[in-house]
Every structure is written in C-alpha cells, then in structure tokens.
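Please read them with the coordinates open.

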Amino acid sequence: MSAYTATIAPETRLRLTVRGRRVLAFLVAAPIAVLLTYGLISGGAALASRDNGATVPFSVVTVSYGDTLWSIAQEVAPTSDPRDVVDAIARLNALPGGLIEIGQTIAIPAEYSTAQ
C-alpha cells in the first residue's frame with residue numbers, strides 16, 4: 001500500500017504594485033466620474049410642462065449701419081445704465097456673444113422701451 005500525502009499550497013496575500021493600485025483606483029473612479037458628468041449635464045435641462053411660457057412684453061428695433069448694442073441701449077433708455085440694458089437685450093434675443101447684423105430685428109424689453 002502506498003501512502004498518499006496531501007500537499008497544501010501556502011496562502012499568499014494579494015500584493016498590488018503602485019501601478020496596480022493606480023489601475024484599480026482608475027477602474028473605481030472612472031464610472032463615478034462618468035455618472036457625475038452625466039448628472040451635471042442632464043440636471044441643468046429644463047423640465048417640459050404643458051404650461052405656456054411666460055410672455056415678456058417688448059418693442060422692436062431694426063439694426064442700422066453703425067449700430068451696436070451699446071448705442072441702441074443708449075438710444076432706447078437714455079436714463080438707464082447701458083450695461084444693464086445691453087444685458088437685458090442680449091438675454092431677450094439670445095444673442096451669441098452680443099453680435100448683431102444690419103437689418104436684424106431686435107426685441108427691446110418693455111421696461112426700457114417705455115423710458116424714451
């Protein structure tokens with residue numbers, strides 16, 4: 001008869017190198033960063049509703065040669081701070097960078113168009 005001897009493998013601890021720890025940290029952090037980014041981007045979206053949007057009373061001005069938002073603001077509201085008027089006009093018309101073109105029709109908020 002032969003005797004069987006069982007060999008037990010020694011227990012080893014998991015050792016991570018510096019590179020391994022960095023990879024593991026990246027694998028944990030990447031999905032969290034993606035979820036946070038998605039949440040920030042989609043969280044700023046407006047909620048759709050069946051309500052009608054609020055209406056803003058305004059008057060209209062057509063841009064002439066040499067007009068700027070600043071000159072239009074000074075013309076329509078000479079007693080108001082032109083910076084505030086330019087900002088209100090740009091927001092109302094959703095002007096990219098405050099750029100206007102000759103012949104363009106621009107809405108002027110009623111609060112400033114009555115200041116004439």
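1. Helices (H or I, at least four residues) and strands (E, at least two) are DSSP runs, numbered from the N terminus. Valine 28 lies in helix α1, which covers residues 18–43. The chain has four helices and two strands, in the order α-β-α-α-β-α along the sequence.

2. This is a predicted model: local features need pLDDT of at least 70, side-chain atom pairs count only at pLDDT 80 or more, and totals for chains, interfaces and linings use all residues. Residues are numbered from 1 along each chain as its sequence is written, and side-chain values use heavy atoms, with hydrogens and water left out.

3. Of the 116 residues in the chain, 18% are buried (under 20% relative accessible area, 1.4 Å probe, protein chains only). The accessible surface (Shrake-Rupley method, 1.4 Å probe) is about 9,900 Å², and carbon and sulfur atoms account for 60% of that.

4. Val28 also belongs to a nonpolar surface patch of about 610 Å², together with Leu14, Leu16, Leu24, Ile32 and Leu36. Residues in such a patch have over 30% relative accessible area and no salt bridge, and the nonpolar side chains are joined within 5 Å. A salt bridge is a side-chain nitrogen of Lys or Arg within 4 Å of a carboxyl oxygen of Asp or Glu.

5. Beyond its neighbours within four places in sequence, Ile108 is in contact (heavy atoms within 4.5 Å) with residues including Phe58, Val61, Ile72, Ile89 and Leu92.

Notes: Patches are made of residues with over 30% relative accessible area and no salt bridge: like charges are joined within 9 Å, nonpolar side chains (Val, Leu, Ile, Met, Phe, Trp, Tyr) within 5 Å. Buried means under 20% relative accessible area, exposed over 50%, partly exposed in between (1.4 Å probe, protein chains only).
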